Amino acid sequence: MAESIPTIAADIAKAWTLPSRFYTDPELHRRVIESAFAKSWQFVGDLDQVKVPGQVYPTTMLEGGLDEPILLTRDMHDNLHCLSNVCTHRGNLVCEAGGNERFLRCRYHGRRFNLDGSFLSMPEFDGVEGFPSASDSLPRVPFGTFGKWIMAGVDPIAPLADYLRPMIERVGWLPLNQFTYSAQRSRDYLVQANWALYCDNYLEGFHIPFIHAGLNDLLDYENYDLELYEFGILQIGTAKGAEATFDLPSDSPDYGKSIAAYYYWFFPNTMFNFYPWGCSINVVKPLTVDRTKVTFIGYVWDESKLGSGAGAALDRVEREDEAIVELTQRGVRSRFYDRGRYSVRRENGTHHFHRMLERFLND
Ligand code: FES
Ligand SMILES: [Fe+2]
């Protein structure tokens, strides 16, 4: 068993950052997957993928990290299900491709399941004692929705509504059901760095004036707000000008402000970046201890706002972030570096994230 990581002081003025081995030790990395990722909520798809009764959609919960084969289905009673996609016989994957089905059939030896995952039939099993039992049905995977987005988890630490509450309350006024998936705004980025270094960077606006000259021209750095929650962090980008900002409803706590972006992050690896044109969901996938895939999944609802503001040049900002995070990965491998200190003013988000990681790891 890998050693635990040192306590991150609650008082940021006294605190030291995560030790460098957190970003480099493969065994510690595997522990993080089981202790943090397995207890979190993960983005797994949207309701358009299981729109009509009979529709099935196999996917993987957190590719590269949890790598859990799951299956979304909508049964004939119009109920949505999230199931383990692993056959209860000898473990083959049950559903290999999306489509419309009346039942599920494992093609290895012909076991069949209803679309709600319950066991239906199995050939050549006469004389098997105590069969079928409850454990012959496909296990149900905890899941929930926010707008049309589906989140699932192995063993989530809290109900989804509690996990996401601050975001649901703050941006729930948006017409989330009208958000449309955009292939053009969706893509993968490979980053040669630990997943948490990518998040460390995302969770502070401190680097914006240094690393993102273009973005810095649009955002009002002095009014870059941050809110810390039990399971997440909100960063609010305020625009310098009035163009490309949200038309906020009068009951929004931000009414009257020039908000260019709401950057929500939920522990440990999911970002919902809301811009006036829609949302870019970013899923940070830990492939190995020092390799990460960041998947951008774009949803648009107001095409007319696509070309301007903080959400316009996402690809450039992403490349600027990747380059600096990859250099940092090389740095944290150094024998001459272990830990640093935080800016009390500018690194509260990163500090909060490190405290959460420490809590999940050492619990
Ligand atoms: S593994 Fe599915 S029927 Fe045998
Ligand atoms: Fe950045």
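Is aspartate 247 buried or exposed? Some friendly notes on that residue and its neighbours in the salt-bridge listing follow.

1. This is a predicted model, where local features need pLDDT of at least 70, side-chain atom pairs count only at pLDDT 80 or more, and totals for chains, interfaces and linings use all residues. Residues are numbered from 1 along each chain as its sequence is written, chains are lettered from A and ligands numbered from 1 in the order in which they are written, and side-chain values use heavy atoms, with hydrogens and water left out.

2. To the opening question: aspartate 247 is exposed, at a relative accessible area of 60% (buried is under 20%, exposed over 50%, partly exposed in between, with a 1.4 Å probe and protein chains only). Its salt bridge partner is lysine 305, at 3.5 Å from N to O (a side-chain nitrogen of Lys or Arg within 4 Å of a carboxyl oxygen of Asp or Glu). The two residues sit 58 residues apart, lysine 305 in the loop between β17 and α6 (314-332) and aspartate 247 in the loop between β13 (232-238) and β14 (259-266). Helices (H or I, at least four residues) and strands (E, at least two) are DSSP runs, numbered from the N terminus.

3. Lysine 305 is partly exposed at 22%, and also bridges to aspartate 302, with closest N and O atoms 3.4 Å apart. Aspartate 302 counts as buried at 18%.

4. Lysine 293 and glutamate 63 form a salt bridge at 2.7 Å, N to O. Lysine 293 lies in strand β17 (residues 291-300) and glutamate 63 in the loop between β2 (55-61) and β3 (68-74), so the pair ties together parts 230 residues apart in sequence. Lysine 293 is buried at 15%, whereas glutamate 63 is partly exposed at 29%.

5. Glu63 and Lys293 also belong to a salt-bridge network with Asp188 and Lys285. The count comes to 20 salt bridges.
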